[in-house]
Every structure is written in structure tokens, then in C-alpha cells.
Amino acid sequence: MTVVDVLDVLGLVCLLLGALLCLAAAIGLLRFPDLLTRMHAGTKPQVLGVLLVILGVGLRSRSGLDIGMLVLIGLFQLLTIPAGSHMVGRAGFRTGQIAPAHIHLGQRDGEVDDRPEG
Amino acid sequence: MTGADRQRGRRGVRRLLPPVSPWGLLWLTVVWVLLWGSLNVLNLLGGLLVALLVLVLFPLPRVDLHLRVRPLGLLVLLGRFLVDLVRASVEVAWLSVRPGPVATGVVMDLQLATDDPLLQTLTAEMVSLVPGSVVVELDPGSRVLTLHALNVRTRHQAEQVRHKVRAQEARVLRALHPDPASVLDPRRHRNGSRGAGPETTTTQEAP
């Protein structure tokens with residue numbers, strides 16, 4: 001087994017895992033009950049899924065400038081997806097899309113949680 | 001022509017040109033070349049031209065960076081972020097495909113320690129990608145971060161999420177803030193050693 005084979009297999013594994021995470025993100029978008037929980041599904045598994053797919057493609061293509069382009073895609077995914085989810089979440093929050101039962105402000109800042117752990 | 005003359009001349013020319021940051025120019029050119037996927041003279045010149053056009057037509061406000069990069073802190077920040085990203089993805093992926101009732105969450109407030117808008121933004125962006133939380137709103141003036149926490153039911157769990165977010169912010173500060181102790185140390189915090197500005201804004205939290 002040569003280095004090329006190893007890289008190919010690693011690339012395939014990354015592609016597969018990334019695709020599975022994207023699938024899970026899609027299922028989450030369908031199953032989760034409200035806007036903000038859907039944003040969780042739309043950000044985290046989605047970002048890692050895309051990063052893994054990019055890594056997989058990079059491991060299989062192995063040419064310098066292509067990898068640069070892939071790094072760029074990954075970087076912009078990391079920068080834009082949280083900002084996008086923040087904007088959607090904020091818009092939903094401000095326009096009252098979130099049921100009041102889900103709003104929980106909890107303790108004020110500075111108060112000490114004196115209950116025992118666990 | 002003396003050196004002083006030449007300098008004055010250059011400054012005169014510079015005043016006529018719109019302010020273009022050389023780093024911005026370099027970065028946009030690199031992005032252009034990478035997007036084309038091959039390095040040749042045409043791409044390089046085209047990239048420079050496009051970068052110049054973008055920087056002249058869409059000038060950004062100057063950002064005053066009061067940052068000091070600490071390599072070790074940065075390494076901790078990035079390493080922990082990668083681990084958290086993987087954990088968060090697997091967690092949320094599992095929550096979305098597991099059988100049984102679907103997960104819900106709560107919205108909560110939290111006070112950040114820093115007033116620096118850039119560090120607040122960085123913290124908020126990273127918090128969106130680590131386990132348990134998505135940012136809903138950030139008020140830079142009062143430093144209140146509103147976030148949504150997934151799969152949280154009790155106050156204790158909410159407190160754990162707060163603790164995690166504060167730890168994330170502390171890592172950002174330790175990596176980039178010029179004097180993290182002044183912000184993170186509660187004793188110095190209370191004595192008001194951070195300067196006059198932010199102390200005048202009091203936070204009104206909803207009851």
C-alpha cells in the first residue's frame with residue numbers, strides 16, 4: 001500500500017463522514033421543533049460536514065493551488081455560517097417567532113449558584 | 001533632491017490617492033489567484049486590479065486593533081475550538097437523528113467581560129460553533145450576549161452553558177487581549193480599573 005493509496009482512503013473516509021454529518025444536519029432541520037433549535041442543526045454538523053468534505057477532496061486532489069482554494073472555502077464557511085445563523089435567529093427573536101415558554105433568562109449575572117453539583 | 005523633499009513629494013501623492021491598505025490589497029489578490037486556481041501574470045495583474053477596485057469603491061472603516069497576539073494562547077484557543085467543533089457537531093447530529101422525543105432549548109442572557117467589539121464578535125462567532133449554544137443577539141454597549149442553548153432543561157444546565165461561554169471568552173482574551181488579567185480578574189474588575197467609559201452604562205436585565 002503506497003502513500004497515495006493511504007491518502008485516497010483517508011480522503012474517502014473524510015468524504016463519507018462529511019456527507020453523513022450533512023445528512024444529520026438536514027434531518028435535524030426537519031425534525032427540530034422551532035427556529036432556534038433548527039439553527040443548531042444548520043450550523044454545527046453543517047460546518048464540520050462541509051469541512052470534512054473539503055478535506056476529503058483536498059486529500060484526493062493533492063495539487064497546491066486547488067488546496068488553497070479549498071482552504072479558502074473552509075475559511076469562509078467558518079466565518080459566514082455563524083453570522084448567518086445569528087442573523088436568522090435574531091430576526092426570529094425580534095419578530096416574536098419564539099414561543100414565550102422557551103424564554104428563560106435564568107439567574108442574573110453575578111449571582112452565585114450555591115446548589116450542590118450534579 | 002534631498003530625502004526630505006522626496007518624502008514630502010510622496011506624501012503629496014499619497015494624499016491624492018484614496019487610502020488603500022497594502023495588506024488588504026495583498027489578501028484580496030491572493031484570494032483572486034486562489035479562486036482561479038493557477039498562478040500566472042494575467043491572474044496576478046487581474047487580481048491586483050480587482051482588489052484595488054474593491055478597496056477604492058467599498059472602503060471599510062478603519063478598525064483600531066488593540067490586540068496582542070500570544071502564540072500559546074492562540075494555540076490553546078484554536079486547538080480547543082477544533083475539539084469543540086467536532087464534539088458539537090457529533091452531539092447535534094446525534095440529537096437530530098436519535099429516536100424518541102426531539103430536543104428543545106431555552107433562550108438566556110449572559111454578560112461578557114470585554115467591551116472590545118472585535119473580541120466580542122470573535123467570542124460570539126466561536127460560541128455559535130461550540131456545543132450547546134447559538135448566538136441570538138449581542139449588544140456591544142451593555143455587553144449582553146443573548147444565546148439559545150440546546151437540550152437545556154434546568155437552571156443548573158443553563159449555568160453550565162454560561163460557564164462554558166465564559167471559558168470560551170477567557171480563551172479568546174488570553175489569546176488576543178493586551179491585558180487579559182484586567183478584564184478577567186474579578187477583583188480588579190470590581191475596582192473599576194478598566195477605565196471610565198463602560199462603567200457609565202448600567203445593564204437593565206429583564207426581570
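Guide: Let's start with elements: helices (H or I, at least four residues) and strands (E, at least two) are DSSP runs, numbered from the N terminus. Keep in mind that this is a predicted model, where local features need pLDDT of at least 70, side-chain atom pairs count only at pLDDT 80 or more, and totals for chains, interfaces and linings use all residues. Residues are numbered from 1 along each chain as its sequence is written, while chains are lettered from A and ligands numbered from 1 in the order in which they are written.

Visitor: How many helices and strands does chain B come to?
Guide: Chain B has eight helices and three strands, in the order α-α-α-α-β-α-β-β-α-α-α along the sequence.

Visitor: What share of each chain is buried?
Guide: A residue is buried if 20 or more other C-beta atoms lie within 10 Å of its own, exposed if 12 or fewer, and partly exposed in between, with C-beta atoms placed from the backbone. In chain B, 28% of the 207 residues are buried; in chain A, the figure is 31% of the 118 residues.

Visitor: Which elements of chain B touch chain A?
Guide: Contact here means that the C-beta atoms of two residues, placed from the backbone, lie within 7 Å. By that rule, 40 residues of chain B are in contact with 40 residues of chain A. Elements giving two or more residues to chain B's side are helix 2 (22–36), helix 4, strand 1 (105–111), helix 5, strand 2, strand 3 and helix 6 of chain B. Helix 4 of chain B gives the largest share, eight residues. For classes, Ala, Val, Leu, Ile, Met, Phe, Trp, Tyr, Cys and Pro count as nonpolar, Asp, Glu, Lys and Arg as charged, and the others, Gly among them, as polar. Chain B's side divides into 24 nonpolar, ten polar and six charged residues.

Visitor: At what angle do helix 2 of chain A and helix 4 of chain B pack?
Guide: Axes are lines fitted to C-alpha atoms, for helices over the stretch in contact, and angles run from 0 to 180 degrees between N-to-C directions. Helix 2 (residues 35–61) of chain A and helix 4 (residues 71–97) of chain B make an angle of about 125°, with axes 8 Å apart. Angles under 35 degrees count as roughly parallel, over 145 as roughly antiparallel, 65 to 115 as roughly perpendicular and the rest as oblique. This pair is therefore oblique. Among the residues that meet are His40(A) and Leu48(A) from helix 2 of chain A, and Leu85(B) and Val92(B) from helix 4 of chain B. By class, this contact has nine nonpolar, three polar and one charged residues.

Visitor: How does the length of helix 6 of chain B compare with what's expected?
Guide: The expected span is 1.5 Å times one less than the number of residues. Helix 6 of chain B, with 22 residues, reaches 32 Å from first C-alpha to last, close to the expected 32 Å. Its buried residues include Val161(B), Arg162(B) and Leu173(B).

Visitor: Where is Arg143(B)?
Guide: Arg143(B) sits in the loop between strand 2 and strand 3 of chain B. Its phi is near 60°, a positive value in a residue other than glycine. Arg143(B) is partly exposed, because 18 other C-beta atoms lie within 10 Å.
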